[in-house]
Amino acid sequence: MSQLFSPYTLRGLTFRNRTVVAPMCQYSSQHGLANDWHFVHLGRFALGGFGLVIVEATGVTPDGRISYGDLGLWNDDQIAPLAHIARFLKSEGAATGIQLAHAGRKAATPIWWRGSFNETEAEKVEYAYETWVPVAPSAERHSDNPGYQTPTALDKAGIARIVQAFADAARRADAAGFDTIEIHGAHGYLINQFLSPISNHRTDEYGGSRENRMRFALEVTEATRAVWPEHKPLLVRISVTDGSPGGWGVEDSVVLARELKSRGVDMIHCSSGGFDGYALKAAPLYQVELSRAVRGSGLPTMAVGLIDDPADAERILAEGDADMVAFARTALEDPNWPVHARHILEGGGDAYQLWPKQARNRIRDRDRVLGVRQ
């Protein structure tokens, strides 16, 4: 058996294989509620054989959403539709995760696939349009892009409120039946804003030194781990580097990973970027070296970023660069990527077992007639 399709265990959770669907915002919710789009979008990845499916960035507060179309877990009404999705994913053999997030100063922006605030009055009613003033470590805009506002700087009471909101959302995620949660600390959103000297210009205990800038991330982690069941793993996604001059770097992330490990985090999902001036050139496997560096801290890691070739995914694991491999656009383009990849890496009859039971015999019969993949 290939490493990619071998089981992997964190705490009390065993994944059927090491393929992961990374969180991908759909901007298709009303009032933070999951709907049929999310059910179908996510369900197809379980049918396609992925080991873990992580639900998109889900706001822990209404003002923490990237847009008004984001999912949320700030109230109990949002539990049931997510529970429906989680039950289906698990019934098809996939482990379930949800990413808990706060966008900070990158909140209250236009829906990405619209490109601007161009809703008609009728659409504003239909889509539950709303806007608000975002919050951040410092009262500084993300960029001059007109989609971003100048945020309000958080006071200590506001910080405490958001830390508690992460914990409350984690309780709701558990009630919805998710196997794992991922704290979103990457891509220039609120936790990343506190970590990076690009966006954090505070002069209190949450700013200045690296130790101070890590404080918010560690408080969120501690509060979340305290309410998240002991047998369930906790993941954190970080930008291992801002990729920008004067920003957060790889050495910082290694230090952070050690601190997160001591607070009960089980895996780091290794991404990058989030601020203007990003210098890393996107190319196949361009973030794998970041996963390798963080894995040296002693925490398991998940590699992500333009990984498409099954042989590359297998090599990432075989060479010790990561413990799991995540896919985003690759999964969108081919929701059946794992079943196709397993046939490539392993071949033979066992590879058909990853197909859903309703389909595997028909696929096998078709392949027999065509004389392929036997």
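User: Which residues line the largest cavity?

Analyst: In this predicted model, the lining of the largest cavity consists of Ile183, Gly185, Ile191, Leu195, Ala217, Thr221, Val236, Ile238, Leu256 and Leu260. Strand 9, helix 5 (190–195), helix 7 (215–227), strand 10 and helix 8 each give two or more residues to this lining. The space inside amounts to about 50 Å³.

User: Why is this space called a cavity?

Analyst: The term applies because a 1.4 Å probe fits there but cannot get out. The search of the whole structure finds two such cavities of 30 Å³ or more.

User: What makes up the lining of the largest cavity by class?

Analyst: Eight of its residues are nonpolar, two are polar and none is charged. Gly185 is in the lining, and Gly counts as polar under the classes used here.

User: What is the volume of the second largest cavity, and which residues line it?

Analyst: Its volume is about 30 Å³. The residues around the second largest cavity are Ala57, Thr58, Gly59, Gly64, Arg65, Ile66, Asp70, Ala101 and His102. Strand 4 (residues 52–59) supplies the largest share of that lining, three residues. By class, three residues are nonpolar, four polar and two charged.

User: How do you know whether Val254 is buried or exposed?

Analyst: Val254 has a relative accessibility of 13%. Buried means under 20%, so Val254 counts as buried. Val254 lies in helix 8 (residues 250–262). Beyond its neighbours within four places in sequence, Val254 is in contact with Ala293, Val294 and Ser297.

User: What makes strand 9 mostly covered?

Analyst: Six of the six residues in strand 9 (residues 180–185) are buried. Thr180, Glu182 and His184 lie on one side, with Ile181, Ile183 and Gly185 on the other, and both faces are covered. In a regular strand, side chains alternate between the two faces of the sheet.

User: How do you know which strands pair with strand 9?

Analyst: Two strands pair if there are at least two bridges between them. Strand 6 (residues 95–101) and strand 9 share four bridges in the parallel sense, and Ile98 has Ile181 as its bridge partner. Strand 10 (residues 234–239) is joined to strand 9 by five bridges, also parallel, with Glu182 opposite Leu235.

User: Why is the crossover from strand 10 to strand 11 given its handedness?

Analyst: Strand 10 and strand 11 (residues 267–271) pair in the parallel sense over five bridges. The chain crosses from strand 10 through helix 8 to strand 11, and this β-α-β crossover is right-handed. The name is used because, with the strands pointing away from the viewer, the path over the helix runs clockwise. Strand 11, helix 9 (residues 288–295) and strand 12 likewise make a right-handed β-α-β unit. Three bridges join strand 11 to strand 12 (residues 301–303), which run parallel, and Cys270 stands opposite Ala303.

Technical notes
Residues are numbered from 1 along each chain as its sequence is written. This is a predicted model: local features need pLDDT of at least 70, side-chain atom pairs count only at pLDDT 80 or more; totals for chains, interfaces and linings use all residues. Side-chain values use heavy atoms; hydrogens and water are left out. Buried means under 20% relative accessible area, exposed over 50%, partly exposed in between (1.4 Å probe, protein chains only). Contact means heavy atoms within 4.5 Å. On a 1 Å grid over the protein atoms alone, a cavity is a set of points where a 1.4 Å probe fits but cannot get out, and a pocket is an open set with protein on both sides within 12 Å along at least five of seven lines; lining residues have an atom within 4 Å of a point. Grid points are joined across faces, edges and corners, and a volume is the space filled by probe spheres set on the points.
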